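Let's take a friendly walk through this structure together. Have the sequence and the 3D view at hand as you read.

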Amino acid sequence: APTTSRDVSGVKEFLERNVLFGNITFDSIVAGYVNATAGNTTAGDGNSTIGNVTLGDGNSTMGNITEDMTTFAELEAEDPRLVALDWILHQDAMQLEVYDDNLSQRYIMGLLAVAWDSESWDHCGAVVEDDAENMEETGSTLGNDSSTCTVTNNATGLVQIFQRWLSDADECDWYGVLCSGGFVRSIELAENNLIGEIVPELGMLPFLQIIDLSSNCIFGTIPSSIGQLSYLTNMDLKDNGLSGNIPMELFNLTNLVKLDLSYNVNYDGNCTRFDGTEKEIPNSLGLEGMILDSNIGRLEYLQDIDLTDNYFSGSISPEIGKLKQLGRMVVDNNVFKSTVPDEITQLINLKELWLSMNYFTGGIPENIGALKSLESFSMWENEDLTGHIPDSLYDLTMLEDLHLFRNSFSGSISTQIGRLTKLKTLTLAENKFTGTLPTELGLCQDLEFLRIEMTDIEGSAPKEVCDLTEKNLFSDDRDKEYFKADCLEDNVTMVAFFVCDCCSSCCDHVTSQCKILD
């Protein structure tokens with residue numbers, strides 16, 4: 001219970017002035033931040049900096065966020081900020097005062113628990129009152145009381161014990177939280193049935209380096225305050241229901257190494273709460289905005305970016321060439337519409353480049369062969385991609401997967417394809433390719449999947465290619481269409497456009513009808 005001497009009104013006023021909706025004025029909290037050992041923090045002159053945070057004058061700013069005049073009194077009773085305030089004032093055993101360095105941090109962490117409906121979490125959320133009573137009645141032991149929880153590590157099978165969110169334990173000991181020097185550095189709550197929106201107060205954890213909320217029920221928009229997290233290296237928000245424009249402040253995160261915003265198209269619209277009821281959420285077409293415009297060049301440390309299944313638009317800026325450490329770039333199923341800039345071939349550490357299901361135009365960059373580390377390259381279903389396969393592509397000797405189907409590519413397949421000896425998947429279907437299938441393809445001994453149907457590739461399947469069906473080019477309960485070509489006799493001439501004695505699936509070159517062979 002609160003002590004009689006505690007300055008409850010002072011705590012409320014402090015949080016209202018310094019934290020609520022990302023208000024960025026600092027008073028007594030300055031001492032806690034400035035004295036912390038964190039990154040390149042400097043102190044002592046009243047103008048100290050923490051990343052891009054300026055402290056010390058009572059009118060400080062973090063990013064371009066300014067003071068919001070909203071007060072607790074103006075909030076609806078069910079607003080998570082008000083619920084979290086009640087918790088830290090009247091329920092939290094720590095009973096922090098204004099002068100406690102972690103007051104703001106603990107309030108924000110409590111707010112996250114409320115905003116993301118922690119009672120509904122699969123692991124280590126706040127205890128529902130009925131659950132607490134059941135635990136007491138059954139006399140359950142370690143890991144099942146109101147403050148601790150157990151989680152089985154799927155990789156090792158070991159049962160681990162954690163502190164629950166909103167428990168009396170230090171917030172640094174809560175499940176999925178890592179701290180250093182008393183400051184939250186990592187929040188990892190993937191696949192935990194979080195339900196709610198990302199509150200702007202998250203941006204008030206200035207030393208946060210990792211945030212992983214993937215595979216949950218997070219909806220709404222990404223707040224601009226995310227740009228205040230200047231130490232952030234990993235942000236994983238994939239597989240949720242986020243929507244709206246990406247905030248420009250995201251490009252302030254110049255230490256980002258991994259950015260995963262994929263799979264935010266959500267047509268279900270419902271999330272299951274702890275009591276079995278469904279919480280209806282807005283359907284999402286995904287995140288929007290020109291995320292690959294010239295600002296992308298500011299994220300020079302980026303190694304992994306995945307934007308799959310959203311509504312991002314615009315072009316890929318030539319500034320992409322500045323991301324020299326980029327190893328993985330996946331932007332499938334968006335509405336990008338531009339040519340693929342030649343500068344993308346400067347990303348010599350790329351291992352995976354997926355540009356499929358967009359509206360890219362032009363052709364494959366002529367110097368694509370400069371990407372010597374490339375293992376997987378996909379441009380399928382862009383339709384307006386034209387031209388030939390550049391000779392330099394055959395320099396990609398590390399390539400394992402090449403997906404070019406459903407475009408308007410033309411020209412013949414070079415005999416140099418035999419240089420791609422690590423190739424496992426080759427899909428050229430539904431293009432305007434001509435000529436014959438080179439016998440040199442038989443040098444690709446690891447080939448498992450070959451699609452050339454609905455092209456103008458004619459002749460017959462070389463023996464060297466058919467011999468691959470005795471190696472890795474076969475089904476073995478995999479896709480029955482592992483070798484598909486226009487080898488079905490048409491109804492008029494009764495002759496197949498492409499003769500193939502080893503194909504697993506054949507199509508009629510005229511009608512496009514296909515069937516799997518016995």
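What follows looks at one helix, its packing partner and a strand residue.

This is a predicted model, in which local features need pLDDT of at least 70, side-chain atom pairs count only at pLDDT 80 or more, and totals for chains, interfaces and linings use all residues. Residues are numbered from 1 along each chain as its sequence is written, and side-chain values use heavy atoms, leaving out hydrogens and water.

Start with helix 4, residues 103–115 (helices are DSSP runs of H or I with at least four residues, strands are E runs of at least two, both numbered from the N terminus). Of its 13 residues, 12 are buried, so helix 4 is largely enclosed by the rest of the structure (buried means under 20% relative accessible area, exposed over 50%, partly exposed in between, with a 1.4 Å probe and protein chains only). Among the buried residues are Arg106, Tyr107 and Gly110. Just after helix 4, Asp117 has a positive phi of about 50°.

Now turn to helix 3, residues 80–91, which packs against helix 4 at an angle of about 125° with the axes 8 Å apart (axes are lines fitted to C-alpha atoms, for helices over the stretch in contact, and angles run from 0 to 180 degrees between N-to-C directions). Residues in helix 3 including Trp87 and Ile88 meet residues in helix 4 including Leu103 and Leu111 (contact means heavy atoms within 4.5 Å).

Finally, find Phe162 in strand 4, residues 159–163. At 22% relative accessibility, Phe162 counts as partly exposed. Its contacts, leaving aside residues up to four places away in sequence, include Cys124, Thr148 and Tyr175. Phe162 and Thr148 are 14 residues apart in sequence, yet 5.6 Å apart in space, C-alpha to C-alpha.

Notes. Expected span 1.5 Å × (residues − 1).
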